[in-house]
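Subject: Structure handover

Hello,

Please find the structure below, followed by notes on what was found in it.

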Amino acid sequence: DDSHYENLGEDFDSLEGEDKLPEDIFQESESREYVVELLNKLKAEEREILTLRFLEELEYTELAKIFETSEDNMRQKVSRALQNIRKVAQKDKDIN
């Protein structure tokens, strides 16, 4: 059943700016495994950024300290990482 892939693709499409990943994605083990699969297809830094921002729920100020950069730069990095995970999800959806 590919319906969970379609729903996840829609969830990733709805992510913008500071929005958090929808909590329901992480509730179902099947969805959680898929998110981990998508994260593993990203560059290490992007994977770490999204994990810290959305799973560990760190604020941008905390992320900026960890990555030794400005808060504005951190917001850009999170935005780019979200764009990339959306692309990965879309490619995966297109394949399946």
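What percentage of the 96 residues in the protein do buried residues make up? The figure is 39%, where buried means under 20% relative accessible area, exposed over 50% and partly exposed in between, with a 1.4 Å probe and protein chains only.

This is a predicted model, in which local features need pLDDT of at least 70, side-chain atom pairs count only at pLDDT 80 or more, and totals for chains, interfaces and linings use all residues. Residues are numbered from 1 along each chain as its sequence is written, and side-chain values use heavy atoms, leaving out hydrogens and water.

The protein has six helices and zero strands; these are DSSP runs numbered from the N terminus (helices H or I, at least four residues; strands E, at least two).

The largest nonpolar core has 21 residues, of which Leu50, Leu63, Met74, Val78 and Ile85 touch the most other members. Such a core is a set of buried Ala, Val, Leu, Ile, Met, Phe, Trp, Tyr and Cys residues joined through side-chain atoms within 4.5 Å. Helix 3 (29-39), helix 4 (44-55), helix 5 (60-66) and helix 6 each supply at least two of its residues, and helix 6 gives the most, with seven.

Helix 6 covers residues 71-95. Its buried residues are Met74, Val78, Ala81, Leu82, Ile85, Arg86, Val88, Ala89 and Asp92.

Leaving aside residues up to four places away in sequence, Leu63 touches Leu52, Arg53, Leu58, Met74 and Val78, a contact being heavy atoms within 4.5 Å.

Regards

Terms used
The expected span of a helix is 1.5 Å times one less than its number of residues.
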